[in-house]
Amino acid sequence: MVTFPARRWSVAVSLTGIAALVLGAALVLLLQVIPPTDEISVTRRTISEYGLSDHKWVFDLAVVLVALGSAAGLAVLRGQRRLPLPAAILGTLWTVGLLVIVAFPKPDWATVSRADFGGTLHRIASVVAFVALPLAVLVAARTAFPSSPRRRWTAIVLALLSLCWFAVILGAVVVAAAEDGRWWTLIPLGLVERGMALTELLALGVLLAPDGQQSGQPAPGRR
């Protein structure tokens with residue numbers, strides 16, 4: 001039997017993790033309305049563009065907060081045996097990917113013509129992170145919410161929507177390859193990436209939110 005203080009601790013950690021996600025997202029939104037980053041196009045420029053601005057530290061802090069909040073919440077789920085090992089591995093890839101994005105900024109295409117080692121790592125980490133998280137949610141949903149079908153399906157739908165956003169990018173890459181063009185000009189890349197990021201954070205928030213039936217409290221009829 002799990003003690004009441006232990007349940008309170010797990011709930012507190014989960015809520016702290018969600019708060020970190022919200023604060024990280026809020027800082028990114030702030031960058032979109034304060035100068036000079038308010039001049040960065042939200043439809044054409046990726047979120048990582050903020051990391052090349054004078055407010056780089058705000059962008060870095062936002063991403064680190066999301067990474068730490070994710071790690072804390074996923075650790076609680078793992079401790080409650082509500083996060084299967086494959087989902088835990090995928091969640092780790094998401095978290096590590098975010099930290100790599102901070103450690104290796106996006107190349108400044110205004111000054112370079114090709115990505116260096118750090119820029120290549122940034123690209124790889126971005127793809128791995130954005131793909132790993134929705135897959136982690138899909139894998140974990142059934143185990144995390146065996147008695148909460150509404151939350152389970154909400155998490156699944158949001159994860160699938162996240163993958164749909166990514167499919168738009170893949171489609172642009174395929175079309176550009178066939179036509180020998182630039183794939184990032186075929187879609188509003190900034191808008192697609194922001195939509196994907198928002199949907200993924202919502203999916204993660206649904207997964208991490210404490211569930212009274214699974215937080216250590218015995219289910220009806222069990223002792």
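Colleague: Where is the place of Pro36 in this chain?

Modeller: Keep in mind that this is a predicted model. Pro36 sits in the loop that joins α1 (4–31) to α2.

Colleague: And how should I read the peptide bond from Pro35 to Pro36, cis or trans?

Modeller: General idea to begin with: most peptide bonds are trans, and most residues other than glycine have a negative phi. Here, the bond from Pro35 to Pro36 is cis, its omega being near 0 degrees.

Colleague: Now for phi. What is the phi of Arg81, and where does the residue lie?

Modeller: Arg81 isn't a glycine, yet its phi is positive, about 60 degrees. You'll find Arg81 in the loop between α2 and α3 (85–103).

Colleague: Is Arg81 buried or exposed?

Modeller: The general idea is that a residue counts as exposed when its relative accessible area is over 50%. Arg81 has 75%, so it is exposed.

Colleague: What about phi at Asp180?

Modeller: Asp180 also has a positive value, near 55 degrees. Its spot is the loop between α5 (149–179) and α6 (189–208). With a relative accessible area of 73%, Asp180 is exposed.

Colleague: Let's turn to Ser70. Which helix does it lie in, and is it buried or exposed?

Modeller: Ser70 belongs to helix α2, which covers residues 56–79. For burial, the cut-off is under 20% relative accessible area. Ser70 comes out at 0%, so it counts as buried.

Colleague: Which side chain does the Ser70 side chain make a polar contact with?

Modeller: That of Trp94, at 2.9 Å. If you set aside neighbours within four places in sequence, Ser70 is in contact with Leu21, Trp94, Thr95 and Leu204.

Colleague: Zooming out, how many helices and strands does the chain have?

Modeller: There are 6 helices and 0 strands, which reads as α-α-α-α-α-α along the sequence. The radius of gyration is 19 Å, close to the 17 Å from the globule rule for 223 residues, so the chain is as compact as a globular protein of that length. Along the principal axes, the C-alpha trace spans about 65 × 35 × 30 Å.

Colleague: What share of the residues is buried, and what share of the contacts links residues 24 or more positions apart?

Modeller: Buried residues are 45% of the 223. Of the contacts with a separation of 6 or more, 74% are between residues 24 or more positions apart.

Colleague: Last one: how many positive and negative side chains are there?

Modeller: The chain has 19 positive and 12 negative ones, and the centres of the two sets lie 20 Å apart. As for the accessible surface, about 12100 Å² in total, 68% belongs to carbon and sulfur atoms.

Methods. Residues are numbered from 1 along each chain as its sequence is written. This is a predicted model: local features need pLDDT of at least 70, side-chain atom pairs count only at pLDDT 80 or more; totals for chains, interfaces and linings use all residues. Side-chain values use heavy atoms; hydrogens and water are left out. Helices (H or I, at least four residues) and strands (E, at least two) are DSSP runs, numbered from the N terminus. The radius of gyration is taken over C-alpha atoms; the globule rule is 2.2 Å times the number of residues to the power 0.38. Buried means under 20% relative accessible area, exposed over 50%, partly exposed in between (1.4 Å probe, protein chains only). Contact means heavy atoms within 4.5 Å. Accessible areas come from the Shrake-Rupley method with a 1.4 Å probe; for residues, only the protein chains shown count as cover. Lys and Arg count as positive and Asp and Glu as negative; His and the chain ends are not counted. The place of a charge is taken as NZ of Lys, CZ of Arg, CG of Asp or CD of Glu. A polar contact is a pair of N or O atoms within 3.5 Å; within protein, one must be able to donate a hydrogen and the other to accept it, and residues adjacent in sequence count only if both atoms are side-chain atoms.
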